[in-house]
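Here are my notes on this structure, as numbered points. Please read them with the model open.

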Amino acid sequence: METRIADLRYKEVISVEDGSRFGYVGDMEIDVDSGQVRALVVPGRRRLFGLLGRDEDRYIPWSAVRRFGEDIILVEERSVRRRPRRG
């Protein structure tokens, strides 16, 4: 299966362990020197329609990605970490 980086934005990230949904890919972290993807970034959910800000972003290391499907990306939940939103 071939996919483009832009197409990842339309794929939902789901945990393999319990089926919980993290959201849709918003960004990627790439190692510029090697050109390899380091992590997928799922933006935090909005609180009260965005008026109260957002939750922390979820960073899914590339090693935690288990399978790509037509509409979803399956990941191992124990590897997912949260980071505060930047700037």
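1. A definition to begin with: two strands count as paired if DSSP finds at least two bridges between them. Strands here are DSSP runs of E, at least two residues long, numbered from the N terminus. Keep in mind that this is a predicted model.

2. Start with the sheet. Four strands form an open sheet in the order S2-S1-S7-S6, and the pairing is mixed. Strand S2 (21–24) and strand S6 (65–68) are the edge strands. Each of these two pairs on one side only. On average, neighbouring strands of this sheet are turned by 25° against each other, direction ignored.

3. Now the pairing of S1 and S2. Strand S1 covers residues 12–15 and pairs with S2 in the antiparallel sense. Three bridges join S1 and S2. Where is the bridge partner of isoleucine 14? Look in S2: the partner is arginine 21.

4. Next, the loop between S1 and S2. Aspartate 18 lies in this loop. Is aspartate 18 buried or exposed? Its relative accessible area is 53%, and exposed means over 50%, so aspartate 18 is exposed.

5. The side chain of aspartate 18 makes polar contacts with two serine side chains. One is with the side chain of serine 15, at 3.3 Å. Another is with the side chain of serine 20, at 3.0 Å.

6. One last distance to check. Aspartate 18 and glutamate 77 are 59 residues apart along the chain. Their C-alpha atoms are separated by 8.5 Å.

Methods:
Residues are numbered from 1 along each chain as its sequence is written. This is a predicted model: local features need pLDDT of at least 70, side-chain atom pairs count only at pLDDT 80 or more; totals for chains, interfaces and linings use all residues. Side-chain values use heavy atoms; hydrogens and water are left out. Axes are lines fitted to C-alpha atoms, for helices over the stretch in contact, and angles run from 0 to 180 degrees between N-to-C directions. Buried means under 20% relative accessible area, exposed over 50%, partly exposed in between (1.4 Å probe, protein chains only). A polar contact is a pair of N or O atoms within 3.5 Å; within protein, one must be able to donate a hydrogen and the other to accept it, and residues adjacent in sequence count only if both atoms are side-chain atoms.
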